[in-house]
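Me: Take me through one part of this model in close detail. I want the helix packing, with the cut-offs behind each term.

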Amino acid sequence: MCLVTSRARASTGTTGADYAFYATIALATALYVWLINLVFLRVPTEKTMGIVQKIFYFHVPSAYSMYIGAAACFIGSVMYLIRPTDARDALARAGAEVAVVFGAIVLTTGPLWAAKAWGFYWTWDPRLTTALLSVLIYVAYLVLRGFAGDGEGERKFAAALGILGAFNLPIIHFSVQKWSGQHPTVITGKGGGLQHPDMKLALGLGFAAFTLFALAALWARVRVEVGKSRLARAEEDAIDLGIDDRNEG
Amino acid sequence: MMQNTTAAAPADSAHAPLTPDGRSTTFQAVEGGPEQHSGTTLLVEAYAVLWVILMVWLLLVWRRQKDVGARLDDLEKAIDRAAAKLEKK
């Protein structure tokens with residue numbers, strides 16, 4: 001009876017972290033609503049590409065969010081190899097998942113824009129190819145984590161893959177400057193930039209909204225992964241102590 | 001771009017059955033041509049894809065949390081069983 005009461009108490013109660021998470025979600029939602037209103041109702045149509053250019057305001061922030069996930073995976077992986085903890089492994093795993101989700105958005109919205117702007121969905125342009133490669137590395141990471149078990153060795157192998165995946169990020173970023181290709185370079189140093197204040201505002205809002213959403217998603221996923229690791233340890237302890245009469249396998 | 005020679009036929013003959021003489025006899029190239037993709041449709045598709053991907057992800061996260069919940073339930077039941085055994089002793 002006492003055990004049940006203490007468990008119930010532990011599962012309730014709102015912490016400061018919860019309030020910070022709710023605030024992040026609320027702010028991200030407000031920014032998304034503003035962004036949608038701006039993109040569809042106020043931002044002018046681009047001169048040569050027409051309305052399809054508006055994909056840009058979701059496509060570029062998605063790519064940026066993919067970088068956030070990949071960076072989290074890299075940081076979590078490096079920290080895990082230095083000193084293994086559940087939280088560090090959870091950060092790496094959640095980061096890889098965020099990178100795959102936003103990478104998938106980038107790799108689908110980009111070709112939809114290209115169909116109009118270039119006349120075809122896909123070409124083996126350096127930026128497109130390196131972005132695809134990066135997403136595939138993180139897909140491989142998740143497949144490894146999903147099917148290879150959750151032991152110390154598997155976690156370390158995945159951490160190495162997480163670090164390897166991060167080396168491709170600067171290549172994606174600088175590929176449009178170093179190699180020839182068709183991908184636009186509008187917002188890089190050599191690009192002409194956005195030629196209307198509303199276009200700049202929409203892109204800025206897109207970055208803010210997607211960043212907040214990616215951080216919130218990362219946070220939520222880390223929390224679930226840490227919870228899963230703690231639960232797995234509790235299950236093992238329960239079996240070792242003879243509390244849980246199920247088999248360990 | 002493929003062009004059908006019957007496309008230039010008058011409107012009143014548009015629904016007339018095709019005769020062997022009315023079929024295409026040449027394929028002519030054209031510069032530019034009609035648009036292959038509607039920008040509006042592509043924009044809507046891109047926007048829809050964005051939200052579909054996020055919703056599928058949310059669904060997968062939900063399923064994973066459900067699995068964690070089920071494991072927690074099992075563990076709680078095991079603890080309750082052990083507690084009941086202790087009380088009996």
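Which elements pack against helix α8 (residues 197-240) of chain A, starting with α1 (residues 39-88) of chain B?

Reply: First, the ground rules. This is a predicted model, in which local features need pLDDT of at least 70 and side-chain atom pairs count only at pLDDT 80 or more, while totals for chains, interfaces and linings use all residues. Residues are numbered from 1 along each chain as its sequence is written, chains are lettered from A and ligands numbered from 1 in the order in which they are written, and side-chain values use heavy atoms, with hydrogens and water left out.

Chain A has eight helices and zero strands. Helices here are DSSP runs of H or I, at least four residues long, strands are runs of E of at least two, and numbering starts at the N terminus. From that end, the order is α-α-α-α-α-α-α-α. Of the 249 residues of chain A, 44% are buried. Buried means under 20% relative accessible area, exposed means over 50%, and partly exposed lies in between, with a 1.4 Å probe and protein chains only. Contact means heavy atoms within 4.5 Å. Take the contacts in chain A between residues at least 6 apart in sequence: 74% of them join residues at least 24 apart.

Now α8(A) itself. One partner is in chain B. The axes of α8(A) and α1(B) come within 10 Å and cross at roughly 20°. Axes are lines fitted to C-alpha atoms, for helices over the stretch in contact, and angles run from 0 to 180 degrees between N-to-C directions. The two helices are therefore roughly parallel. The cut-offs: under 35 degrees is roughly parallel, over 145 roughly antiparallel, 65 to 115 roughly perpendicular, and the rest oblique. The crossing of α8(A) with α1(B) is left-handed. That word applies when the near helix is turned anticlockwise from the far one by less than a right angle; clockwise gives right-handed.

On the α8(A) side, the contact residues include A:F210, A:F213, A:R221, A:E225 and A:K228. From α1(B) come, among them, B:W57, B:V61, B:R64 and B:R71. By class, the contact has 15 nonpolar, one polar and six charged residues. Ala, Val, Leu, Ile, Met, Phe, Trp, Tyr, Cys and Pro count as nonpolar, Asp, Glu, Lys and Arg as charged, and the others, Gly among them, as polar.

Another partner lies within chain A. Helix α2 (residues 16-42) packs on α8(A) at about 150°, with the axes 8 Å apart. The pair is therefore roughly antiparallel. This crossing, too, is left-handed. Its contact has 23 nonpolar, two polar and four charged residues.

A:L218 is buried, at 9% relative accessible area. Leaving aside neighbours within four places in sequence, A:L218 contacts A:A72, A:A94, A:G95 and A:V98. From A:L218 to A:L107, 111 residues away along the chain, the C-alpha separation is 20 Å. A:D237 also belongs to α8(A). At 43% relative accessibility, A:D237 is partly exposed. A:D237 and A:V52 are 185 residues apart in sequence and 56 Å apart, C-alpha to C-alpha.

A:E97 is buried, at 6%. Not counting residues up to four places away in sequence, A:E97 touches A:R221, A:L142, B:W57, B:V61 and B:R64. A:R221, B:W57, B:V61 and B:R64 also take part in the contact of α8(A) with α1(B).

Helix α4 (residues 86-117) of chain A comes within 9 Å of α5(A), axis to axis, and crosses at roughly 135°. That makes α4(A) oblique to α5(A). The crossing is left-handed. Contact residues include A:E97, A:V100 and A:L107 of α4(A), and A:V135, A:Y138 and A:L142 of α5(A). Twelve are nonpolar, two polar and four charged.
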